[in-house]
Amino acid sequence: MKSIEAPLLVKTKQSGEEKEKVEEENEEEEEGEEEEEEEKIRWEKMKKVASMAAPMVAVNMSQFLLQATSTMIVGHRSELSLAGVALGSSFADVTGFGVVFGLSGALETLCGQAFGAEQYNKLGSYTFTSMVYLLIISFPISILWMFINQILILLHKTLKSLTLFSYSILEPLVRYFQPQRLIFPLVLSSLAALAFHVPLCWLLVHKFEFGVKGAAVSIGISYWFNAIFLWVYMKRSRACVQTRIFMSNDVFLHTRIFFQFAVPSVMMCCLEWLAIEVIYFAVCLTTSCLHFNLVNGIGDAASTNVANELGAGNPRGARDSASAAIIIVAVESVVVSSILFLSRNVWPYAYSNVEEVTRYATEMTPILCISILMDSFLTILSGIVRGTRWQQIGAYVNIASYYIIGFPIGLLLCFHLHFNGKGLWAGIVSGSTLETLVLFLVIGFTNWNKEANKAKERILDDSLLGC
């Protein structure tokens with residue numbers, strides 16, 4: 001019996017070990033397949049974000065170049081003209097254009113999630129609501145500009161006021177096309193407006209000798225050109241049949257929900273812009289803003305994709321879209337910062353031929369590169385925040401980072417440690433670094449399933465209210 005039992009025990013033991021090995025191999029195969037599937041999904045989301053980000057970069061860059069080219073054209077007239085146009089534009093950006101840009105940011109949440117939830121009729125009504133209130137808000141801002149004669153002596157207040165009204169129509173239209181992925185008309189209109197603006201600005205500034213006034217006129221005309229182009233496309237295109245903008249009483253129904261997202265959105269935007277405009281050297285500011293509009297295209301793509309996925313009830317898609325955008329901007333910011341640093345003795349001549357100006361810009365380039373690195377991440381994270389309707393969190397983090405931490409550090413470095421302008425800028429960079437870290441943590445610990453459910457509930461409640 002013993003001789004029979006021994007082989008049986010050995011055989012049973014061997015079969016048990018083989019079974020365990022097979023199970024382990026199956027588990028490893030399943031894990032490998034899951035990893036491959038996750039990698040495939042992540043790569044698809046990255047391509048989806050990049051395919052939208054690339055044309056949106058062209059749109060944002062084209063719009064910004066309207067002002068940047070005007071600054072360059074005017075700046076070559078004289079050092080005083082460069083300083084004047086930079087000061088006037090900074091004041092107008094913070095008190096007017098930044099307000100409009102920030103308020104229209106509410107549409108990234110509202111239109112993005114509504115489109116993802118297939119509530120197509122909401123896009124037109126939300127956009128019309130935004131246009132009405134932005135135009136209303138533009139009136140007191142324009143009156144403010146008209147009565148600040150001493151500050152705006154080089155701004156040409158009336159012309160800037162007209163530009164602000166066109167901008168109040170243009171920005172909601174951009175946010176209207178964005179979530180629908182109708183990027184071609186945005187690219188076409190922006191590039192056409194830029195191509196029209198550059199020769200017009202040169203003629204008015206140099207040929208007809210209107211100076212800064214000519215630059216302001218050319219910007220205003222170009223904004224109207226862009227806005228009218230998009231409006232006509234929206235009215236005529238078959239792609240906008242389900243989402244077309246109409247005048248309706250829904251503007252009153254959507255008032256509360258619009259300002260619920262618009263107010264913290266404008267706080268996020270204007271408080272950051274104010275901190276940056278106060279500190280930055282004019283030439284570095286223009287370069288930094290140029291890069292901001294580049295990465296803002298990626299931020300717009302991130303915001304749109306995250307909002308669409310949450311509205312469609314796809315939390316994993318929203319998470320992967322956010323991760324893909326962060327990876328893309330990490331590569332982009334390193335490349336741009338490296339190029340700018342290596343060309344630090346060359347790029348300042350794009351703005352001025354004055355030796356003192358170019359030398360100081362060269363000295364500021366290392367801080368500018370660090371600033372670009374931090375602001376790149378911050379822009380993408382802010383886009384994700386808008387897509388997930390967290391504008392209020394973003395506004396609070398912004399206040400704490402810049403006005404409780406950044407400014408005091410900047411003042412200490414500037415006046416107590418005598419680093420002057422570099423110290424002030426370093427303080428702002430420390431504030432943007434802190435905000436970036438906090439938003440990273442907020443997004444990293446996000447419960448995407450919960451956010452997707454909240455988006456669906458909000459859209460359903462708003463639909464019932466509209467009925």
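1. Start with glutamate 171: this residue is buried, at a relative accessible area of 3%. By "buried" I mean under 20% relative accessible area, while exposed is over 50% and partly exposed lies in between (1.4 Å probe, protein chains only). The areas themselves come from the Shrake-Rupley method with a 1.4 Å probe, and for residues only the protein chains shown count as cover.

2. Before going on, keep in mind that this is a predicted model, where local features need pLDDT of at least 70 and side-chain atom pairs count only at pLDDT 80 or more, while totals for chains, interfaces and linings use all residues. Residues are numbered from 1 along each chain as its sequence is written, and side-chain values use heavy atoms, with hydrogens and water left out.

3. What does glutamate 171 pair with? Its side chain meets that of arginine 175 in a salt bridge, at 2.4 Å from N to O. A salt bridge here is a side-chain nitrogen of Lys or Arg within 4 Å of a carboxyl oxygen of Asp or Glu. Helices are DSSP runs (H or I, at least four residues), numbered from the N terminus. Arginine 175 is buried too, with a relative accessible area of 3%.

4. Next, have a look at arginine 386 and glutamate 108, which form a salt bridge with their closest N and O atoms 2.9 Å apart. This pair links distant parts of the chain: arginine 386 is in helix α12 (residues 355–387) and glutamate 108 in helix α3 (residues 106–116), 278 residues apart. Arginine 386 is buried at 10% relative accessible area, and glutamate 108 is buried at 4%.

5. Glu108, Glu171, Arg175, Asp300 and Arg386 are linked in a network of salt bridges.

6. Lysine 48 and glutamate 309 also form a salt bridge, 3.4 Å from N to O. Again distant parts of the chain are linked: lysine 48 is in helix α1 and glutamate 309 in helix α10 (residues 282–311), 261 residues apart. Lysine 48 is partly exposed at 31%, whereas glutamate 309 is buried at 8%. The salt bridge count comes to six.

7. Last, the surface. Glu36, Glu37, Glu38 and Glu44 form a negative patch. Patch residues have over 30% relative accessible area and no salt bridge, with like charges joined within 9 Å and nonpolar side chains (Val, Leu, Ile, Met, Phe, Trp, Tyr) within 5 Å. Glutamate 37 belongs to helix α1 (residues 2–75) and is partly exposed, at 43%.

How values were computed:
Lys, Arg positive; Asp, Glu negative; His and termini not counted. Charge placed at Lys NZ, Arg CZ, Asp CG, Glu CD. Helix = DSSP H or I, 4+ residues; strand = E, 2+ residues; numbered from the N terminus.
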